[in-house]
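This report is meant for someone meeting the structure for the first time. Please look through the sequence and the model before reading on.

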Amino acid sequence: MIGCEVRVTAVRFAYGEREALRGIDLAVGAGERVALVGPNGAGKTTLTRLLVALRRPTAGRVTVGDWDVATKRPDEMARRVGYAFQHADQQLFARTVADDVAFGPRCLGRGRAGVASVLDELGLGGVADLHPYDVPAPARKLVALAGVLAMEPAVLILDEPTAGLDRVQRSRVVAALRRRADAGVTVLAVSHDLGFVAEAADRIVAMREGRVATDRPARELLYDREALAALGLRPPTTAQIGMALGLPGSPIRAHEVVDALRGTRWKEMPE
Amino acid sequence: MIGYVPGASPLHRAHPYTTLALAGALLLGAFALTQPLEVWLLVAAAVAFSASGGVLRSSARTAFLLSLPIWALLFVLHGLLGADPRTTVGPLSLSVPGIARALVLGGRVTAIVLAFLTALATTSPHRLVEAMTARGVPFGRTFLLASTLTVLPRMRERAARILEAQQCRGLRLGGSAIARLRALGPLALPLVLGALAEVDEQVLALDARGAASAARRTALDPPPDSSAQRSLRAFLLVLVVAAYGWKFWRMRG
Amino acid sequence: MTALVELERAGFTYPGARSPALSDVSLDIAAGDVLVVTGEAGAGASTLLLVATGFAPRVVGGKLSGQRRIAARRCGVVFARPWTQLTGLCSTVRDEIAFGPASFGLPRQAVLDAAERAMRELRIAHLAEREPSQLSGGELQRVVVAAALALDPEVLALDDPAAELDPEAADALYDVLPAIAAAGKAVVVATPDLERAARVATRAVTLEHGRIAARGAPADVLDGTEPALVARAAGCPRPYPLDVPALVRRVRR
């Protein structure tokens, strides 16, 4: 699977009088894993909607690979970009979970071949034959995500993919994204969940008030308490542990912290 | 377009029962009145009603769009296929009494739609609930009525989000009739299913807040009524009854 | 302390379901508790909340087995999605919060006082005149909690209340819970957010396939937080530290 470069050049966007994006320049290379963070109202979701032609920028240019998004419709963009919306219920409709996940691939003229494996990947194998609304709400979110993954896009855009999920579900999402990024898919995730960001992203683009406030490698930004505070964020647990114990290598993934802690001597009882 | 639009017009400030009574009178009048002069007075009254709410432009535009298919149908049925005498307009031969009939029927439909849209645009669901609560109407009924007022804007919002989600999955809009028909499922079903799923939660949340309580609800901010408005509502009732009486008397004679 | 809710070998099956959502649950909930219920998705945490507060089977239908005694006069419930819990009929936050007390026919001043108290407790008095539809998710969820508290329930159940909130708003919401319990209420929270739960819980229970798999002090039950998992994987002996400061304290340097 080959990913695409996503490039945003001098993009501005306004909802009527209110400017939501004030000149964004951003390039995400094929196979990169980028997290988009920032306070509510910063323009993160607005920016992602421009990438799939749901809205047109009032100025500037957006390209996905060699496609100029301005010349495409959203259903055409679906051939390259998979967009996982924050609220799953706005798209589920089929009689069974499996049918719903197969909808996207069918629209694109592909068969149902990949559906079963995507369902298993997200732990949905057991509910494949249930009606989507007979499945609890967090699992419905995974069904919607499965529907997007089954389309095998070159670029994945996800809006708050882990909101409301439990630990096991979150780890499945992280694993699914890692697998695809390793295969070259470009991943862009909007998220408040810095624990998820630490596991899934290599680069963090922070937005504030319609502009890019900072664009740094994840390993650097997640250890910069001040920069995070300026964005209204706290370091994720892994970075907090790393900072408190002075662990070498700025570990941000759970397994990295565990490795760094191997050989630690522990006190028996809490003080 | 369709739904409450906040404002400060006389209709907005009137007691919700008054606004609804005016709209109701226009609606019922449209069924009772059949003569051209009567109907055009009715349409003029509907326009005045809408103007007094400050929503004439938007309501007229929506009313036009909504009643366009009906007007077209009326002209085809009565104008093209009606009785003699006929007149020629360009390449078309139109029936004169047919056109007259189409105008009258179209006028009645337009008055109804305009009255309905104006009532929706100028009746705040909140004020209506307060008015009904102050009158002692049980909450179940007020909620049902007020929710129907807000259901259209909510559905529209939801429908827009569903459209986006399905397009991003590759659903192509437009195309052949079969393609459009096939697109109905992915567009309409989430609308209904999503709404139903939310209703479950909303019912629980509202029940927890006493919506099913048998006690008489306290009206916190009942809209002010006046004897003038009450008299107006009584007068409208008399007017409607008179209109029907007039209609039946004419039919007999 | 007398229990506000007592469950003895209680079970519950949803209407039309093939297997029970809860089985053999024995649990007491007392005033002052902040009881956290966790478990994987579908384990029955939400169901336990509905059963403990009496909404199941009364509102949702289904079948209850075993024994249940609810001594609490009134129970409140808060769900994850703020906007589905609004009446949709109130134009200000104050009215939305006052909806509950008004439903029970309390005198007007008592209703307004209850709303003011609830707004103060949630620190949202500055939002009183705002329109609910204009608020952010975090603000709206605090309004929903205030609306549930305005009825002075003895048991307040919250089902993953911070699921849709950003980190700051989530922290603010959880920070309010101990104060609510300290005022003599029982707070029950079902959530997968073990980190935040661990900060406020006085007791915890884990469900697996509808049965209680573990119960006791948060330090023992909520050991699925990230610091706990990391410590465990790195060889730390029980009890595992639930948060970062606790982990740091356990490291021998």
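What percentage of the 253 residues in chain B is buried?

## Basis of the report

This is a predicted model, in which local features need pLDDT of at least 70 and side-chain atom pairs count only at pLDDT 80 or more, while totals for chains, interfaces and linings use all residues. Residues are numbered from 1 along each chain as its sequence is written, and chains are lettered from A and ligands numbered from 1 in the order in which they are written.

## Chain B

Buried residues, those with 20 or more other C-beta atoms (placed from the backbone) within 10 Å of their own, make up 32% of the 253 residues in chain B. Chain B has 9 helices and 2 strands, taken as DSSP runs of H or I with at least four residues and of E with at least two, numbered from the N terminus, and their order along the sequence is α-α-α-α-β-β-α-α-α-α-α.

The C-alpha atoms of chain B fill a box of roughly 70 × 60 × 35 Å along the principal axes. Of the contacts in chain B with a separation of 6 or more, 75% involve residues 24 or more positions apart, a contact being two residues whose C-beta atoms, placed from the backbone, lie within 7 Å.

## Where chain C touches chain A

On chain C, 30 residues are in contact with 32 residues of chain A. Two or more residues come from each of α6 (167-182), α9 (226-233), α10 (244-250) and β10 (251-252) of chain C, and α10(C) gives the most, with 6 residues.

Strand β11 (residues 265-266) of chain A pairs with β10(C) in the antiparallel sense over 2 bridges, where pairing requires at least two DSSP bridges between the strands. R265(A) stands opposite R252(C) in β10(C).

Definitions and conventions
A residue is buried if 20 or more other C-beta atoms lie within 10 Å of its own, exposed if 12 or fewer, and partly exposed in between; C-beta atoms are placed from the backbone.
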